[in-house]
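Here is a short briefing for you to read with the coordinates open. Have a look at the fold before you start.

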Amino acid sequence: MNKRIAVLPGDGIGPEIVAGAVKILQTIESLYSHQFELTFADIGGCATDKTGTPLPNDTITICKNSDAILLGAVGGPQWDALPVEKRPEQGLLKIRKALNLFANLRPTTCYESLATSSPLKKDIIEGVDLIVVRELTGGIYFGTPSERTVIDGKPGALDTLQYKNEEIERVIEKAFEIAKTRSKKVTSVDKANVLETSRVWREIANQVAEKYPDVLLEHMLVDNAAMQLIRNPKQFDVIVTENMFGDILSDEASVLTGSLGMLASSSLSEEGPYLYEPIHGSAPDIAGENIANPLATILSVSMMLRLSFQLEKEAAIIEEAVNNVLNNGYRTRDILSPNSKIVSTTEMVEAVDKEICQLVAATHV
């Protein structure tokens, strides 16, 4: 298989974790005789430093000409004082719009070996397997006007929450399609008791559900959903929600696994390449120290192989290798547990890489 992959390391720990993921990708390439053409490009603060913008046109062009995109992380305090349009986070928002990445998939699977890393009791998290489908190109993050203004004669600020019906419908459709392949349950999260956009969201969810009679739809207010994720996360299969609610709830769901460093994600478009990235940020406080957890980025590569390239065997090998390495007691600092072996970023990558090679060799015996 010959595929072109755009690689956007970004800021902070981004280059470190992406380097590890690229190593795993190249091992898969070698073991399975694929050909992955990697093209590196800038996004975020490093792009602003070089070009004056957090998402250069060259980066957009490289991404559009690729079959998939691997992204690290963006942001850092050194860019906090810049005008809004030059800040690293704008690179993320702009690439989502430029590539029409309308649905963000964030799976949460609890590893038995990491049960002690979670702040929740083992009996609560054991067996959790859910996925948050977050609308990614609409809502309050993109609504206009968004500005500082005068309200009733006094200084204030204004953000606008807006959705087109079609934006809501397509992401809910995606959630139902995913649920069909899982446990056939969709929980649509909104704030319909307060927000008009949420009332429209709920109406459209009901309409979409009529086309999927074998999938159960339930509605849940976002404040209750936040509580239920901690109280009884096993009740969820597929959660679908709008942009800001999805951002918050999926980060909350990461606590179930014990660390943001364990959660991969994929952002899907209707046409064009998908984007894959860990859900955590750039962690500038530990950048360059070789202690960041690379597993979320490695698992993002697994998602890429499965969703963009339909390489199920290769994706499953990576996931099995990660699970085995965790079972063998290897831990970065964020998931450290009693009687485990603390390792650096590169040592964790090497452990996963070695395990992949052993698993593949065993299948060829």
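The notes below go from the sheet to its helices, then to one arginine and a few backbone details.

This is a predicted model, in which local features need pLDDT of at least 70 and side-chain atom pairs count only at pLDDT 80 or more, while totals for chains, interfaces and linings use all residues. Residues are numbered from 1 along each chain as its sequence is written, and side-chain values use heavy atoms, with hydrogens and water left out. Helices (H or I, at least four residues) and strands (E, at least two) are DSSP runs, numbered from the N terminus.

**The sheet**

- Ten strands make up an open sheet with mixed pairing, in the order β2-β1-β3-β12-β11-β4-β5-β10-β8-β9; two strands pair if DSSP finds at least two bridges between them.
- At the edges sit β2 and β9 (216-221), each of which pairs on one side only.
- On average, neighbouring strands of this sheet are turned by 25° against each other, direction ignored. Axes here are lines fitted to C-alpha atoms, for helices over the stretch in contact, and angles run from 0 to 180 degrees between N-to-C directions.
- Strand β1 (residues 2-10) runs parallel to β2 (residues 35-40), and six bridges join the two. Arginine 4 has glutamate 37 in β2 as its bridge partner.
- Between β1 and β2 the chain passes through helix α1 (residues 14-31), giving a right-handed β-α-β crossover. Right-handed means that, with the strands pointing away from the viewer, the path from the first strand over the helix to the second runs clockwise.
- Strand β1 is also parallel to β3 (residues 68-73), through five bridges, and leucine 8 stands opposite leucine 71 in β3.
- Strands β4 (residues 101-109) and β5 (residues 129-135) pair in the antiparallel sense over seven bridges. Alanine 103 is opposite glutamate 135 in β5, and leucine 105 has valine 133 as its bridge partner.
- Four bridges link β5 to β10 in parallel, with isoleucine 131 partnered by valine 238 in β10.

**Helices**

- What should helix α1 span at 1.5 Å a residue? Its 18 residues should span 26 Å, and the end C-alpha atoms are 26 Å apart, which agrees. The expected span is 1.5 Å times one less than the number of residues.
- Buried residues of α1 include Ile17, Val18, Val22, Ile24 and Leu25, where buried means under 20% relative accessible area, exposed over 50%, and partly exposed in between (1.4 Å probe, protein chains only). Just after α1, serine 33 takes a positive phi of about 60°.
- Helix α6 (residues 165-180) has 16 residues that should span 22 Å, and its end C-alpha atoms are 23 Å apart, which agrees. Among its buried residues are Ile168, Arg170, Val171 and Phe176.
- Helix α9 (residues 243-257) has 15 residues and reaches 22 Å from its first C-alpha to its last, close to the 21 Å expected. Its buried residues include Asn243, Phe245, Leu249 and Glu252.
- At the start of α9, a side-chain oxygen of glutamate 242 comes to within 2.9 Å of the backbone nitrogen of methionine 244. Just after α9, glycine 258 has a positive phi of about 100°.

**Arginine 134 in β5**

- Six of the seven residues of β5 are buried, so this strand is largely enclosed by the rest of the structure.
- Is arginine 134 buried or exposed? At 2% relative accessibility, arginine 134 counts as buried; this residue lies in β5.
- Leaving aside neighbours within four places in sequence, arginine 134 is in contact with residues including Arg96, Tyr141, Val171, Glu242 and Asp247, contact meaning heavy atoms within 4.5 Å.

**Backbone details**

- A cis peptide bond with omega about 5° joins threonine 144 and proline 145; proline 145 lies in the loop between β5 and β6 (147-151).
- Alanine 283 has a positive phi near 40° and is partly exposed, with a relative accessible area of 22%.
- Asparagine 290 has a positive phi near 60°, and its relative accessible area of 27% makes it partly exposed.
- Alanine 283 is found in the loop between β12 and α10 (295-307), and asparagine 290 is in the loop between β12 and α10 too.

Methods
A polar contact is a pair of N or O atoms within 3.5 Å; within protein, one must be able to donate a hydrogen and the other to accept it, and residues adjacent in sequence count only if both atoms are side-chain atoms.
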